[in-house]
Amino acid sequence: MKYQKLKIIFGFLIAILIFAFLFLIFRDDNAQAGTLDDFAKCLTDKNVTMYGAAWCSHCQNQKNLFGEAFTYINYVECPNDPQKCLVAGIESYPTWLMPNKEKLAGEQKLQTLSEKTECELPKK
């Protein structure tokens, strides 16, 4: 009987530890995404634009990197506005166009965008 109670208590403690671990993992990811709003707004303020297409998996990865903060990014959906993309000289997706007309083709790390624009990334 005593051994049975210990098994139940031990199982309960393991379950609590698992839930606490999962909570910490997901809380950190969501906290980072929420703090990217200011970074995304800074990119927009500096006239940085991302060109892409909804069907492009690399564009989806780039958008997911920002999470909900991507709503603040200047974004051109090239299939919906091909003239803008032709004028900007977009040859692949995604492409980030910097204010100095430099093009960054392919998925970009947040750190790279920060260095190119002097927009500060949030501190962890």
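Helices (H or I, at least four residues) and strands (E, at least two) are DSSP runs, numbered from the N terminus. The model is predicted, so local features need pLDDT of at least 70 and side-chain atom pairs count only at pLDDT 80 or more, while totals for chains, interfaces and linings use all residues. Residues are numbered from 1 along each chain as its sequence is written, and side-chain values use heavy atoms, with hydrogens and water left out.

1. Glu77 belongs to strand β2, residues 74–77. Glu77 is buried and yet has no salt bridge; buried means under 20% relative accessible area, exposed over 50% and partly exposed in between (1.4 Å probe, protein chains only). A salt bridge requires a side-chain nitrogen of Lys or Arg within 4 Å of a carboxyl oxygen of Asp or Glu. The nearest side chain of opposite charge is that of Lys63, 4.3 Å away; Lys and Arg count as positive and Asp and Glu as negative, with His and the chain ends not counted. Neighbours within four places in sequence aside, Glu77 is in contact (heavy atoms within 4.5 Å) with Gly52, Ala53, Ala54 and Lys63.

2. The arc is that of the directions from the helix axis to the C-beta atoms. Gly67 follows α2 and has a positive phi, near 65 degrees.

3. Helix α4 (residues 110–117) has Leu110, Leu113, Ser114 and Thr117 as its buried residues. Down the axis of α4 they fall within an arc of 100 degrees and therefore line one face of the helix. An α-helix has 3.6 residues a turn, so residues three or four places apart point the same way. Glu118, which follows α4, has a positive phi, near 65 degrees.

4. The structure holds 5 aromatic pairs. Rings of Phe, Tyr and Trp (its six-membered ring) pair if their centres lie within 6.5 Å; planes under 30 degrees apart count as stacked, over 60 as edge-to-face and the rest as tilted. Trp55 and Tyr93 form an edge-to-face pair, with 5.7 Å centre to centre and 70 degrees between the planes. Trp55 lies in the loop between β1 (49–52) and α2 (57–66) and Tyr93 in the loop between α3 (82–88) and β3 (95–97), so the pair ties together parts that are 38 residues apart in sequence. Trp55 is exposed at 64% relative accessible area, whereas Tyr93 is partly exposed at 28%.

5. One aromatic cluster is formed by Phe39, Phe66, Phe70, Tyr75 and Trp96.

6. The salt bridges number 3. Glu102 and Lys116 form one of them, their closest N and O atoms being 2.9 Å apart. This pair links distant parts of the chain, with Glu102 in the loop between β3 and β4 (103–105) and Lys116 in helix α4, 14 residues apart. Both partners are partly exposed, Glu102 at 29% and Lys116 at 43%.

7. Asp81 and Lys84 meet in a salt bridge at 3.7 Å, N to O. Asp81 is partly exposed at 27%, as is Lys84 at 48%. Lys123 and Glu120 meet in another, at 3.8 Å, N to O; Lys123 is exposed at 71% and Glu120 is exposed at 62%.
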